[in-house]
Amino acid sequence: MWYLIQTEEGKEQELINAIRGSAEEETRQIGECCFLLRRETVWRREGRCIPHVETLFPGCVFAEEDGKENFPERLERALRNLKTAGNMERNAEENDRPDR
């Protein structure tokens, strides 16, 4: 079964990289199940072939169930951990800025 994770358009690969690069082992395992649906077309211009790859569903990342128990709960927990880590990084960056 596939699960859909919505994100900002153009940020799909960033999300996959963040999940796969997480410090949490469980989150990294979920990252191995994540993918994008893309298509490649070839355009011809002035006699030249120009390959073009585009995301079929912008703003969508898919995750395929890995066969282990409770995949939906593990996926939700991984995304929550990732969001928490992102907020912690953002807060740390804001605290490092000099006062204006």
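A salt bridge, as the term is used here, is a side-chain nitrogen of Lys or Arg within 4 Å of a carboxyl oxygen of Asp or Glu. The model in these close-ups is predicted, so local features need pLDDT of at least 70 and side-chain atom pairs count only at pLDDT 80 or more, while totals for chains, interfaces and linings use all residues. Residues are numbered from 1 along each chain as its sequence is written, and side-chain values use heavy atoms, with hydrogens and water left out.

**View 1. Asp66 and Arg74 meet in a salt bridge.** Their closest N and O atoms are 2.6 Å apart. Asp66 is partly exposed at 26% relative accessibility; for these labels, buried means under 20% relative accessible area, exposed means over 50%, and partly exposed is in between (1.4 Å probe, protein chains only). What about Arg74: buried or exposed? With 7% relative accessibility, Arg74 counts as buried. Arg74 also forms a salt bridge with Glu26, and here the closest N and O atoms are 3.7 Å apart. Glu26 itself is partly exposed, with a relative accessible area of 26%.

**View 2. Arg39 reaches Glu54.** Side chains of opposite charge can pair when their charged atoms come close. In this view the side chains of Arg39 and Glu54 form a salt bridge, 2.6 Å from N to O. Arg39 belongs to strand β3 (residues 38-45) and Glu54 to strand β4 (residues 48-55), so the pair ties together parts that are 15 residues apart in sequence. Both ends are partly exposed: Arg39 has a relative accessible area of 42%, and Glu54 has 27%. Salt bridges that share partners also join Glu26, Asp66, Arg74 and Arg77 into one network. How many salt bridges are there by this rule? The count comes to 7.

**View 3. Three strands make an open sheet.** Strands of a sheet pair through backbone hydrogen bonds, either parallel or antiparallel. Two strands count as paired if DSSP finds at least two bridges between them. Follow the order β1-β5-β2 across the sheet, where the pairing is antiparallel. At the edges stand β1 (2-6) and β2 (34-35), each with a single partner strand, so one side of each is left without a neighbour in the sheet. Between β1 and strand β5 (residues 60-64) there are 5 bridges. Trp2 has Glu64 of β5 as its bridge partner, and Leu4 has Phe62. On the β2 side, 2 bridges join β2 to β5, and Cys34 stands opposite Ala63. In β5, 4 of the 5 residues are buried, so this strand is largely enclosed by the rest of the structure.

**View 4. Phe62 takes part in two aromatic pairs, with Phe35 and with Phe57.** Rings of Phe, Tyr and Trp (its six-membered ring) pair if their centres lie within 6.5 Å; planes under 30 degrees apart count as stacked, over 60 as edge-to-face and the rest as tilted. The structure holds 5 such pairs. Phe35 and Phe62 are stacked, 5.9 Å centre to centre with 25° between the planes. They link distant parts of the chain: Phe35 is in strand β2 and Phe62 in strand β5, 27 residues apart. Phe62 is buried at 12% relative accessibility. How do Phe57 and Phe62 pair? They go edge-to-face, 5.9 Å centre to centre with 70° between the planes. Phe57 is partly exposed, at 43% relative accessible area. Trp2, Phe35, Phe57 and Phe62 form one aromatic cluster.

**View 5. Helix α1 (residues 12-20) has buried residues.** Look for Glu12, Leu15, Ile16 and Ile19, which are buried. Seen down the axis of α1, the buried residues fall within an arc of 100°, so they line one face of the helix. That arc is taken from the directions from the helix axis to the C-beta atoms. An α-helix has 3.6 residues a turn, so residues three or four places apart point the same way.
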